[in-house]
Amino acid sequence: MRSLSGEPCQPRALRNGCDRSTAMQRRCATSSAPGSVCKAGHAARSFLARLRLGPASNTVLGHTDPNLANYLWLANYLWDGQRIRIVDFEDAGQSDREFELADLLEHLSARRADWTGFLTLFDLDGDRLLDARRLYAIFWLHQLRPGSPTERRNPPGTLGQQAERLLDLLN
């Protein structure tokens, strides 16, 4: 853990967001995806070009894999007001609250949950949380691209819904 504390905080979405947006941009020209997908790809590229994230004001041990299947349900609730149980830590590492919570909020498995009350439990930088959510929404847009393994595992229309979600976050 001591060696982790000396490493700069650079969450997964930040490390990979620019490369993924550029790849999405190239695919738009030859894709049969809905128009909103290419519009979201262009908007993502513009957002990434002007994004300037400063260092995190807090550092946490991040789970970085918020698939709800990794959380053990307590009395049919993810959060019982006192405890949460989490499994699957092979991707864990140094992060910050805003990126960890953004990863959870934007994960495809967590879309139907209302996180409003849960978020009030944390002292958050709202601008950083929004930028982190935008980065993860870009990540999911890329993951759902036509022909990808993630696209095949999700219901038809998920890519278009993701594009709309990203466009909403960017506006």
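Mentor: Let us begin with accessibility: a residue is buried under 20% relative accessible area, exposed over 50%, and partly exposed in between. Please bear in mind that this is a predicted model.

Trainee: What is the arrangement of helices and strands in the protein?

Mentor: The protein has eight helices and four strands. From the N terminus on, the order is α-α-α-β-β-β-β-α-α-α-α-α. Buried residues make up 44% of the 171 residues. Of the contacts with a separation of 6 or more, 75% are between residues 24 or more positions apart.

Trainee: How do you know that the span of helix H6 agrees with its number of residues?

Mentor: Helix H6 covers residues 126-143, which is 18 residues.

Trainee: What makes H6 mostly covered, and which residue caps its N-terminal end?

Mentor: In H6, 14 of the 18 residues are buried. The cap is Asp-125, which has a side-chain oxygen 3.0 Å from the backbone nitrogen of Asp-127.

Trainee: Why is the pairing of Arg-128 with Asp-96 called a salt bridge?

Mentor: The criterion is a side-chain nitrogen of Lys or Arg within 4 Å of a carboxyl oxygen of Asp or Glu. The closest N and O atoms of Arg-128 and Asp-96 are 2.9 Å apart, and the pair therefore meets that cut-off. The pair links distant parts of the chain: Arg-128 belongs to helix H6, whereas Asp-96 sits in the loop between strand S4 (93-95) and helix H4 (97-106), 32 residues apart. Both Arg-128 and Asp-96 are buried.

Trainee: What makes Glu-106 and Arg-165 a salt bridge, and how is each residue classed?

Mentor: Their side chains meet at 2.7 Å, N to O, which is within the 4 Å limit. This pair also links distant parts of the chain, with Glu-106 in helix H4 and Arg-165 in helix H8 (residues 158-170), 59 residues apart. Glu-106 has a relative accessible area of 0% and is therefore buried. Arg-165, at 23%, counts as partly exposed.

Trainee: How do you know that Asp-131 and Arg-134 count as buried?

Mentor: The cut-off for buried is under 20%. Asp-131 has a relative accessibility of 16%, so Asp-131 counts as buried. Arg-134 has 14% and is therefore buried. The two residues form a salt bridge, with the closest N and O atoms 3.2 Å apart. Both lie in helix H6, three residues apart, which is about one turn of the helix.

Trainee: How many salt bridges does the structure hold, and which residues are joined into one network?

Mentor: The structure holds four salt bridges. Salt bridges that share partners join Glu-106, Arg-133 and Arg-165 into one network.

Terms used: Residues are numbered from 1 along each chain as its sequence is written. This is a predicted model: local features need pLDDT of at least 70, side-chain atom pairs count only at pLDDT 80 or more; totals for chains, interfaces and linings use all residues. Side-chain values use heavy atoms; hydrogens and water are left out. Helices (H or I, at least four residues) and strands (E, at least two) are DSSP runs, numbered from the N terminus. The expected span of a helix is 1.5 Å times one less than its number of residues. Buried means under 20% relative accessible area, exposed over 50%, partly exposed in between (1.4 Å probe, protein chains only). A polar contact is a pair of N or O atoms within 3.5 Å; within protein, one must be able to donate a hydrogen and the other to accept it, and residues adjacent in sequence count only if both atoms are side-chain atoms. Contact means heavy atoms within 4.5 Å.
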